[in-house]
Amino acid sequence: MAAISLDRARIHAIRTPEGVSLPFVVAPAGDRAVAFFLDLLAIVGGTIVVWLLALLSSTIGLGAVGFSFALVTGFLLWNFYFVWYEIHRGGVTPGKRRTGLRVIARDGGPLTAEAVFARNLMRNLEFYLPVLALLAPEAMLPEAPGWGKLLAFAWMLVFALMPLFNADRLRCGDLVAGTLVVKAPKAVLLDDLAARRSPPAAPAPPPQEEFAFTREQLDIYGIHELQVLEDLLHRHDDGTLDGRILDDVAEKIKTKIDWPRDRWNVPVRPFLDAFYRAQRGSLEKRMLFGQRRERKRG
Amino acid sequence: MSDFILKSAQFRKEREQAWRELEGLLARVEKDGLRALSAEELNRLPVLYRSAASSLAVATAISLDKNLLDYLTALVGRAYICVYGAKRRVGEAVSRFFLIDFPWVVRRYLAFVAVSLVLVSAGVFTGYQQTTSDPERYYSFVGGMAQGRTPDASTKELREFLYHRGEGDLPVFASFLFTHNSKVGMLCFALGFVAGVPVVYLLFATGLMLGAMVALYASRGLGAEFWAWVLPHGVTEIGALCLCGAAGMVLGISLVFPGRHTRLHNLALHGRDVALLAFGAVAMFLVAGAIEGFFRQLVQDVTVRWLVASFSLAFWIWYFAAVGREAGRRHGRDLAR
């Protein structure tokens, strides 16, 4: 159901200027790498196209114009691809869109153009320099001895792999610009189970008293169990849940709350709906009085 | 059955319409950007955002409907990104940058720019001294950039280099210069992250190279002509290099001496501002590349070269000293900040 799984993922709460605390899910390193790889692919592809055009133009005698065009366009692609997209689209590049990521400002303010520029300038240090060192080691520090080159490379690797060393997956650019990459939030609003009316095709709802719960019966479970039940009921609505599981759950609840034996064989789904509604009402009332019960007793 | 409806369900029923409306707007903005909205919808967006944010605050207090809470959290998150994500269009950002932010940030970090300039000058001075006393040192200072301009070359050859007239490949030359210098400048900024030490070295080494060349040309009585050759673009180029150097130094210093803030916070605080320096420097490199690639190759007259050099110096001084002071104050870009 809810596309945001708040479990296990690292949450970074942003305080918006309105004073609301918003939990964002920090983008995992793998997603970041995929996004970067996709963008890199676009850049390399663009560069190849531009140089092919330049070659083509030289065959018709416009070599100088073509080559300078290719030089400058290639430069812009390599250095301003990320900047342009992240300013223009508000923190999303095509690769990030594919992987569902976004850049936001860590302090909750707007993502400014200078922050975008700062975070992308650091790619020189994080990516281009180590790659250069890898591909053409003799171009880096030409006079240094072998161990010196090795040392320099290890040192650069620290910057390249920076996101792996901190929980918020900040790379050097994020550190300098005060930004953070998060998963773009997504969630679908489903029907409120507590406000649900029985579908018209179903038999008329049983009389109220059949599903009357006493205070003691509603005093057993806590918020966690309520929300697990909510999840099950939503999945039952989707048809992704086996009905037999609901039967088991109903049995367990009935045993736990000491449901009267004479009404034991009520239809399962209406019983669970009614229990959910009553339980939520009870817990929400307690919450209004300042008592949050997170889990069941015992 | 109306008395059986929960408060939280009632709350949802009353607000749901507004959430759905916001959701619809967001879906369109995320797909096509802000221009997908009409003026009226654009006005609605922040209103709806704020009401959704308040809904979220209320819902966390009164509702236990997990799906609703997840939905609202995500909705407000998306709206927050839309409202605060991109503040300006690219064109607007660029014009604001040149009219306000760039001169402001140079004034703000003027001390660091001055230190960079001193470093380059010290490099020039040292390079000149050392090469004059021992011409062999020229090779270690200039290295691969010599392109035949070595102490072994005849005066005539050296002279020819100053008045070399490039032919059809001028645009290629100019764009090569621009991209090469910009890369060096941006690297300078990025290296600031490494506590700024490589930046100092880079600035000084550039100075050494220039000083060594000056010494070589001066030894053949071509000193003034060499300056006339180098300064028309050199003023802009060295200025840009100093800005990048200043940016790198600020980064390094804010990392090593964070002052009242945490290192992370202080770095972010200065990082954004000095990125402006680096961006401005790229623009200056573009200008310098054009002067070097076209003007220097096409204009041979020493007087004109001197004129252009002095004009560009006067221009940059005026630009950094005067532009954007008024407008900057209006936009909170005040030096007293």
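First, the conventions. Residues are numbered from 1 along each chain as its sequence is written, and chains are lettered from A and ligands numbered from 1 in the order in which they are written. Because the model is predicted, local features need pLDDT of at least 70 and side-chain atom pairs count only at pLDDT 80 or more, while totals for chains, interfaces and linings use all residues; side-chain values use heavy atoms, with hydrogens and water left out.

I start with chain A. The chain has 10 helices and four strands, where helices (H or I, at least four residues) and strands (E, at least two) are DSSP runs numbered from the N terminus. In sequence order the pattern reads β-β-α-α-α-β-α-α-α-α-β-α-α-α. Chain A contains 298 residues, and 49% of them count as buried; buried means under 20% relative accessible area, exposed over 50%, and partly exposed in between, with a 1.4 Å probe and protein chains only. Contact here means heavy atoms within 4.5 Å. Of the contacts in chain A with a separation of 6 or more, 66% come from residues 24 or more positions apart.

Next, salt bridges. The rule asks for a side-chain nitrogen of Lys or Arg within 4 Å of a carboxyl oxygen of Asp or Glu, and over all chains the count comes to 22.

One of them joins Arg10(A) to Asp168(A), with the closest N and O atoms 2.9 Å apart. Arg10(A) lies in the segment before β1 (11-15) of chain A and Asp168(A) in the loop between α6 (146-160) and α7 (172-177), so this pair ties together parts that are 158 residues apart in sequence. Arg10(A) is partly exposed, at 40% relative accessibility, whereas Asp168(A) is buried, at 12%.

Another pair is Asp219(A) with Arg286(A), at 2.9 Å from N to O. Asp219(A) sits in the loop between β4 (179-183) and α8 (223-238) of chain A, and Arg286(A) in helix α10 (residues 268-288), so parts 67 residues apart in sequence are tied together. Both Asp219(A) and Arg286(A) are buried.

What separates Arg269(A) and Asp273(A) along helix α10 of chain A? About one helical turn, because the two are four residues apart in that helix. Their salt bridge has its closest N and O atoms 3.2 Å apart. Arg269(A) is buried at 16% relative accessibility, and Asp273(A) is buried at 11%.

There is also a network of salt bridges linking Arg32(A), Glu86(A), Lys96(A), Arg119(A) and Asp174(A).

Last, the interface. Two salt bridges are counted between chain B and chain A. Arg272(B) meets Asp107(A) in a salt bridge at 3.9 Å, N to O.
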